[in-house]
Amino acid sequence: EKRRILVCGGGNGAHCLSALAASKDNLDVHVLTLYQDEAERWAKHVENENMKLTITKQDGTQYDIFSKPSLITKDAAKAMSGVEIVFLVVPAFAHAQYFTAIAPHLQPNTLIVGLPGQAGFELQCRHIIGDKASSCTIAATESLPFACRIVEFGRHARILGLKDSLGMSALKGKACQLSFPVVETIQGILGEYPKLELLKNYIAINLMADANVHPPMMYGRWGNWDGKPLKEEPLFYQGVDDRQADLLSKVSEELLAAAKAIEQKRKDVDMSEVIHLFDWYKIHYPDQITDKSSLKMAMRTNKAYDGLVHPMVKTNEGYVPNFNYRYTSEDVPFGMVVMKGIADLAGVPTPAMDEILAWGQQKLGKEYIVGSKLIGKDIGLARAPQSFGMTSVDELFDI
Ligand code: NAI
């Protein structure tokens, strides 16, 4: 008997995951996409033919697979029928509408997976699906398992590369009894790579998200910018200066302090996966970094970051920074605001994050933080625990 899964979304990742999963004999794939007329267009393309998915393997060789979902719809009731695993494969700003759409149709013992989750995924999911959260398991990966692009909408997509390994957390509701193992089952859907690694708890992964890097980098570079356009796009990582490195380090120390304070309050929670950014780089890029003498030098000499530039917009006068790029637009409300909120619950002061957020929210035209408190009028649009009325560390874990 086939296990039915649902893929939510209609972009690059959703195309690849749905074609990949549909090619497995033991899976039946539904797709729910709520955006514009995506469902209609995609369904039409596969009426009489399969989708093509071109996969580049670890060794560089390519192969094609041909398969298709059995249903592509914008009707959540139809999409959810008989589904045991729901994958959300959309940018974080689009998660809420999918949680809202699937909530009425969620059966007990469903696995909900954020692929990727991004900070605050579990908190927002619990808030929207309400009491049903205790009979579900909410998992999230640290990133998308593959670098991928749509070649032709609804017809052809390409997996450009697979990661070697991918961290994932799973938050099990107290009344949830899944009939299958989480890691092995998702691994079976993805294939051999990336190798999934189960992380100890979801709060640790929330605190270690990429968003602890991007906003401090942006503020450090552009906080004192004179507004004059630049002739060239500045290097992002290779251009790190002392001010940026100092901000990154301070944020890391605040996150570590939050992790320690949570362990003090909850002896059952292991936060050892929260580590300083400098250590994180040394562990994750052992061979790519040529100068490990400091955080600044490690970032400047990491070959994996060769040539990456700041997000810029080209104008007639030159390049100006793009403050609507995901480094701020996503990594503030679905990143650093969440980290700040968790630190607040733990009772840890965060002057560095407060300063970065005050700047970032102003660039986004939002108000999340006032002074050092997450009481801004737009806090409901972010995903901090405070966005959902949470007031204690215990509430983070008691689901
Ligand atoms: P994408 O950019 O292809 O997603 C676009 C899809 O999101 C649209 O097709 C639509 O279904 C939905 N969408 C867009 N605007 C919407 C709106 N206003 N309202 C509702 N839905 C809307 O995203 P992609 O590339 O699939 O990535 C998914 C996540 O994975 C993102 O967070 C991305 O940063 C991350 N990621 C992507 C990688 C890649 O290679 N594509 C690599 C690593 C991470």
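This passage walks through a predicted model, from overall fold to single residues.

Starting with the big picture, the protein holds 15 helices and 14 strands. Its C-alpha trace covers about 55 × 50 × 40 Å along the principal axes. The radius of gyration comes out at 21 Å, and a compact globule of 399 residues would sit near 21 Å, so the two agree. Buried residues account for 43% of the 399 residues. Among contacts with a separation of 6 or more, 73% link residues 24 or more positions apart.

The chain splits into domain 1 (3-199) and domain 2 (206-397). Where the domains meet, domain 1 puts in 10 residues and domain 2 puts in 13 residues. On the domain 1 side, the residues that touch domain 2 sort into six nonpolar and four polar, with no charged residues.The largest nonpolar core has 112 residues, and those touching the most other members are Leu6, Val7, Cys8, Val86, Phe87, Val113 and Leu207. Helix α13 (residues 332-345) gives this core its largest share, nine residues. Since domain 1 (3-199) and domain 2 (206-397) both contribute residues, the core lies between them.

Leaving out residues up to four places away in sequence, cysteine 8 touches Leu32, Val86, Phe87, Leu88, Val89, Val90 and Tyr98. Valine 90 has 22 C-beta neighbours inside 10 Å, so it counts as buried. Apart from neighbours within four places in sequence, its contacts are Cys8, Gly9, Gly11, His95 and Tyr98. By contrast, 34 Å lies between the C-alpha atoms of valine 90 and lysine 265, which are 175 residues apart along the chain.

Next comes the ligand. A shell of 19 residues surrounds it, with Gly10, Gly11, Asn12, Gly13 and Tyr35 as the closest. Two elements, α1 (12-22) and β9 (146-152), each supply at least two residues of this shell. Helix α1 provides the largest share, three residues. By class, the shell holds 11 nonpolar residues, seven polar and one charged. Gly11, one of the closest residues to the ligand, is also in contact with valine 90.

Another loop residue worth a look is alanine 133, which sits between α5 (121-129) and β8 (137-141). Alanine 133 counts as buried because it has 23 C-beta neighbours inside 10 Å. Not counting residues up to four places away in sequence, alanine 133 touches Cys125, Arg126, Gly173 and Ile399. The C-alpha atoms of alanine 133 and glycine 173 are separated by 6.1 Å, although the two residues are 40 residues apart along the chain.

Most residues other than glycine have a negative phi, and most peptide bonds are trans. Leucine 115 and proline 116 are joined by a cis peptide bond, with omega about 0°. Proline 116 is placed in the loop between β7 (111-114) and α5. The bond from tyrosine 193 to proline 194 is cis too, and its omega is near -5°. Proline 194 falls in the loop between α6 (182-190) and β12 (195-198).

Positive phi values turn up in loops as well. Glutamine 36, which is not a glycine, has a positive phi of about 40°. Glutamine 36 belongs to the loop between β2 (27-32) and α2 (38-45). With 10 other C-beta atoms within 10 Å, glutamine 36 is exposed. Asparagine 109 likewise has a positive phi, near 65°, and is a residue other than glycine. Asparagine 109 is located in the loop between α4 (95-102) and β7. Having 16 C-beta neighbours inside 10 Å, asparagine 109 counts as partly exposed.

Technical notes: Residues are numbered from 1 along each chain as its sequence is written. This is a predicted model: local features need pLDDT of at least 70, side-chain atom pairs count only at pLDDT 80 or more; totals for chains, interfaces and linings use all residues. A residue is near a molecule or strand if its C-beta atom, placed from the backbone, lies within 6 Å of it. Helices (H or I, at least four residues) and strands (E, at least two) are DSSP runs, numbered from the N terminus. Ala, Val, Leu, Ile, Met, Phe, Trp, Tyr, Cys and Pro count as nonpolar, Asp, Glu, Lys and Arg as charged, and the others, Gly among them, as polar. A nonpolar core is a set of buried Ala, Val, Leu, Ile, Met, Phe, Trp, Tyr and Cys residues joined through C-beta atoms within 7 Å. A residue is buried if 20 or more other C-beta atoms lie within 10 Å of its own, exposed if 12 or fewer, and partly exposed in between; C-beta atoms are placed from the backbone. Domain bounds come from an automatic or database domain assignment. Two residues are in contact if their C-beta atoms, placed from the backbone, lie within 7 Å. The radius of gyration is taken over C-alpha atoms; the globule rule is 2.2 Å times the number of residues to the power 0.38.
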